Amino acid sequence: MGRKLLFLYCATFVWLVTAIFADAASPPIAFSYVTLDYPGAHDTQLNGINGGKIVGDWETNSSTLFPNSFLYDGASFKSIAFPGADPNLGTQAFGISGNLIAGIYWTPSPNIHEHGFLYDGNSYTTIDDPLANSFYANQGGVFGISGNHLVGEYIDSASHGQSFFTMGHILRH
Amino acid sequence: LTPGPGSAALGVDGNKVVGYYAGGQFGYLYDGTNYTTIADPSGTHLNEAVGISGNDIVGDYQGISESALHGFLFDGTSYYTIDIPGSTQTSLRGIEGNSIVGWYLNGTGYHGVIITVPEPSTLALLTLGAVGLLAARRR
């Protein structure tokens, strides 16, 4: 009885591994999911996760601008909003690492510009790549964070998007 | 070091960076030394590598003649498509361990989503546990 059970278990395991981890062109994978929408929002997007904490953004009118951002700690939502940001374009939190949150915000009219930011739980700091061309409103921002490493994009003098990485205090392009 | 014009770095884990280049046609992984192209085999004209955790990378792609996004997981060896059932688009934006966050679009709008995928190590541990239990019962 034990050997039959062991055989059946091993056969099922091999089938599961074959079905789930087979190397084929974009096969589906078994997964489970739960929906997490910001209370009262029309649209919600989740952008980053670390330590079980999640950052994302939301909007109320299906404009796809997502001007409001949040931190979700597994139980409640906290607003993430760069002080003085444009009310329509607002703040978008993209990455989280420990207590640090990174993203972008927009300054209001008549000087509408995109900027990166870092939030440490108490205060907000603007993070702009020194090579960003401020001629363009969407001059770049911060999209990810891991420890003291930030990554993002800046628009160069030829209006091309470029990647930047900060490894500690070293900025790389 | 640059992946070139039309690029953006979107995610980082330690010294590993993911993003896109060529205007979003291809995703990339930078491991601190070399660049590797990240592109789902089904992604023909748009591939974004957005989040990374260890060897696992998530993002989205568009297939041929498509404007809709599909989510993908790359475990360092294989690509897996992850589309939320009933959605018209899915995009995966961040990953930590076997937890993935992102969004999907359906008839009522955009919705945040937390996805859990199985880990090979989890299955292996379950197997070891079961074999151990069987061995104990036979004694």
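**Ground rules.** I number residues from 1 along each chain as its sequence is written, and I letter chains from A and number ligands from 1 in the order in which they are written. Since the model is predicted, I take local features only at pLDDT of at least 70 and side-chain atom pairs only at pLDDT 80 or more, while totals for chains, interfaces and linings use all residues, and side-chain values use heavy atoms, with hydrogens and water left out.

**Entry 1, sheet 1-2-3-4.** I looked up the strands (DSSP runs of E, at least two residues, numbered from the N terminus) and their pairing (at least two DSSP bridges between two strands). In chain B, four strands make an open antiparallel sheet in the order 1-2-3-4. Strand 1 (8–13) and strand 4 (35–38) of chain B are at the edges with a single partner strand each, so one side of each has no neighbour in the sheet. Neighbouring strands here are turned by 25° against each other on average, direction ignored, with axes taken as lines fitted to C-alpha atoms and angles running from 0 to 180 degrees between N-to-C directions. Within this sheet I followed strand 2 (residues 16–21) and strand 3 (residues 26–30) of chain B, which pair antiparallel over five bridges; B:Gly19 stands opposite B:Tyr28 of strand 3.

**Entry 2, sheet 5-6-7-8.** Chain B has an open sheet of four strands in the order 5-6-7-8, again with antiparallel pairing. Its edge strands, strand 5 and strand 8 of chain B, each pair on one side only, and the twist averages 25° from one strand to the next. Seven of the eight residues of strand 5 of chain B are buried (under 20% relative accessible area, with exposed over 50% and partly exposed in between, 1.4 Å probe, protein chains only), so strand 5 is largely enclosed by the rest of the structure. Strand 5 and strand 6 of chain B are joined by seven antiparallel bridges, and in their hairpin, which has two residues between the strands, B:Gly54 takes a positive phi near 65°.

I counted salt bridges (a side-chain nitrogen of Lys or Arg within 4 Å of a carboxyl oxygen of Asp or Glu), and the count comes to two over all chains. B:Glu48 meets B:Arg93 at 3.4 Å, N to O; B:Glu48 lies in strand 5 (residues 46–53) and B:Arg93 in strand 9 (residues 89–96) of chain B, so this pair ties together parts 45 residues apart in sequence. B:Asp60 also bridges to B:Arg93, with the closest N and O atoms 3.1 Å apart. These shared partners join B:Glu48, B:Asp60 and B:Arg93 into one network. B:Glu48 counts as buried at 17% relative accessibility, and B:Asp60 and B:Arg93 are buried too. I also noted that B:Asp60 is the bridge partner of B:Glu48 in strand 6 of chain B.

Leaving out residues up to four places away in sequence, B:Ile82 is in contact (heavy atoms within 4.5 Å) with residues including A:Ile29, A:Phe31, B:Leu92 and B:Val117. B:Ile82 is also the bridge partner of B:Gly71, where strand 7 (residues 70–74) and strand 8 of chain B run antiparallel, joined by four bridges.
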